[in-house]
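Me: I am new to this structure and would like to learn how to read it. Please take me through a few features in turn.

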Amino acid sequence: MARLQSQNGQCAVLLPSHFVRIFSFREYVQRRWLTSNLNLEVPNTETGYGLGHSPRELDRLHFQGRVLAPYTRQFFVDAGLKAGMRVLDVGSGIGEVSFIVAELVGPKGYVLGVDRSAEAVERARTRAIRANIRGEDGSTVMSAGAAGKVEFAVGDPAAMHFEEPFDAIVGRFVLMYQSDPAASLRNMLRYLREDGVVAFQEADTTTCRAWPASPVFDEAARWLAEGLRVSGARPELGLEMNALYLDCGLPSPKMRMDVVVSGEDESPVYELLAEAVRSLEPTLVKSKIAPKETKMEGLAERMRKEVAAKRGVAMLYGLVGAWARKPKTKN
Ligand SMILES: C[S@@+](CC[C@H](N)C(=O)[O-])C[C@H]1O[C@@H](n2cnc3c(N)ncnc32)[C@H](O)[C@@H]1O
């Protein structure tokens with residue numbers, strides 16, 4: 001794993017190359033995805049969220065969450081998440097980020113994951129219960145052991161009222177889907193205490209490419225960026241976060257970027273890109289970004305063979321993290 005650090009120490013790029021040792025992606029695909037319900041949902045383009053919430057898309061979030069977990073955990077440690085904190089996880093999906101935060105805040109901490117998809121929240125609650133985190137009434141799950149209390153709710157945190165302020169507001173791949181990310185974040189910041197932590201990780205799809213250039217991989221990377229864009233998302237929001245934080249009255253955030261890059265045969269990059277493109281397929285075909293006859297089946301394998309034939313590497317979308325503290329109000 002290589003780590004590059006900028007001179008001011010605020011921006012780091014991690015280039016891991018040993019994902020094969022984390023778990024086998026091919027096995028996962030064979031065992032789980034091929035047996036999952038392949039009903040593709042029609043994406044809700046009005047909300048800027050083109051990926052939908054089909055069972056297969058929720059599986060993709062789980063898969064992606066396992067790959068990115070070490071980077072998200074380190075990001076939150078750097079951002080200052082600590083034991084005992086009360087944290088809001090915005091766009092919690094199936095709970096990948098909430099569960100990491102629950103570990104960090106410990107038994108005296110509290111995490112509220114909020115997502116506007118009832119299907120995603122349902123899956124998050126089920127996972128919490130299955131992971132031996134005791135459920136009381138299905139809506140409240142209390143963690144056993146070392147983790148904090150976790151709850152999941154359906155809604156848009158930018159339009160919700162919370163009784164108590166949070167010590168931190170966090171999220172991953174969520175502000176990029178808001179029609180007005182600054183307005184959303186500003187609304188949520190009303191519920192962050194002074195000096196509280198704001199820590200979001202968002203995408204930069206411009207990092208997603210093969211080297212040397214490989215037509216199948218690079219076309220899939222273009223589909224991802226364009227599919228997100230036409231569905232109303234901002235595929236490079238990660239790079240806009242300095243301006244976004246400033247627009248919300250926050251200081252310039254500290255930032256880092258983590259990018260999965262690998263030439264290994266077992267690299268997760270191929271499946272992650274192929275599955276994201278697959279979730280966007282209805283949008284891609286409707287908007288004529290990808291031809292109707294495009295074969296999504298076997299796409300990961302085609303990309304893998306193409307990159308391997310050149311002894312090259314494939315890079316995933318970048319995970320750009322930005323963190324800052326809410327300024328104290330001047331009297
Ligand atoms: C790409 S997923 C990421 C999920 C999770 N943060 C993770 O990293 O695994 C984005 C999630 O944000 C949710 N979402 C998008 N906009 C939202 C909003 N305004 N309020 C609540 N949830 C939102 C979507 O429903 C989706 O589940």
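Me: Is β7 largely enclosed by the rest of the structure or left open, and why?

Reply: The model is a predicted one. A residue counts as buried if 20 or more other C-beta atoms lie within 10 Å of its own. In β7, seven of the seven residues are buried, so the strand is largely enclosed by the rest of the structure.

Me: Which strands pair with β7, and in which sense?

Reply: Strands of a sheet pair through backbone hydrogen bonds, either parallel or antiparallel. Here, β3 (residues 86-90) runs parallel to β7 and is joined to it by four bridges. Strand β8 (residues 192-204) also pairs with β7 in the parallel sense, over six bridges. To find these pairings in the view, take Val90, whose bridge partner in β7 is Gly171, and then Val170, which stands opposite Ala199 in β8.

Me: Where is there a sheet with antiparallel pairing?

Reply: Look at the open sheet of three strands, with the order β9-β12-β11 and antiparallel pairing. The strands β9 (209-211) and β11 (261-262) stand at its edges; each has a single partner strand, so one side of each lacks a neighbour in the sheet. Between β11 and β12 (residues 313-315) there are two bridges. Ser262 stands opposite Ala314 of β12.

Me: How do I read the packing of two helices, such as α2 and α3?

Reply: Start with the angle and the distance between the axes. For α2 and α3 the angle is about 35 degrees, and the axes lie 9 Å apart. The crossing of α2 past α3 is right-handed. On the α2 side, the contact is made by Leu61, His62, Gly65, Ala69, Thr72, Arg73 and Phe76, and on the α3 side by Glu96, Val97, Ile100, Val101 and Leu104. By class, these residues divide into seven nonpolar, three polar and two charged.

Me: Why might contact residues on a helix be spaced a few places apart?

Reply: An α-helix has 3.6 residues a turn, so residues three or four places apart point the same way. In α2, Gly65 and Ala69 are among the residues of the contact, as are Ile100 and Leu104 in α3.

Me: Which residues surround the ligand?

Reply: The shell has 22 residues, and the closest are Gly91, Gly93, Glu96, Asp156 and Arg172. Elements that each supply at least two residues of the shell are α2 (55-79), α3 (96-105), β4 (110-115) and β7 (166-172). The shell divides into 10 nonpolar, seven polar and five charged residues. Glu96 also belongs to the contact of α3 with α2.

Me: Is helix α8 mostly covered or mostly exposed?

Reply: Helix α8 (residues 269-279) is mostly covered, with 11 of its 11 residues buried. The buried residues include the charged side chains Glu271, Glu275 and Arg278.

Me: Is Ala309 buried or exposed, and why?

Reply: Ala309 counts as exposed because it has 9 C-beta neighbours inside 10 Å. Its place is in helix α10 (residues 299-309). Although Ala309 and Ser214 are 95 residues apart along the chain, their C-alpha atoms are separated by 9.8 Å.

Me: What do the totals for the protein look like?

Reply: The protein has 10 helices and 13 strands. Of its 331 residues, 47% are buried. Among contacts with a separation of 6 or more, 76% are between residues 24 or more positions apart.

Notes
Residues are numbered from 1 along each chain as its sequence is written. This is a predicted model: local features need pLDDT of at least 70, side-chain atom pairs count only at pLDDT 80 or more; totals for chains, interfaces and linings use all residues. Two strands pair if DSSP finds at least two bridges between them. A residue is buried if 20 or more other C-beta atoms lie within 10 Å of its own, exposed if 12 or fewer, and partly exposed in between; C-beta atoms are placed from the backbone. A residue is near a molecule or strand if its C-beta atom, placed from the backbone, lies within 6 Å of it. Axes are lines fitted to C-alpha atoms, for helices over the stretch in contact, and angles run from 0 to 180 degrees between N-to-C directions. A crossing is left-handed if the near helix is turned anticlockwise from the far one by less than a right angle, and right-handed if clockwise. Two residues are in contact if their C-beta atoms, placed from the backbone, lie within 7 Å.
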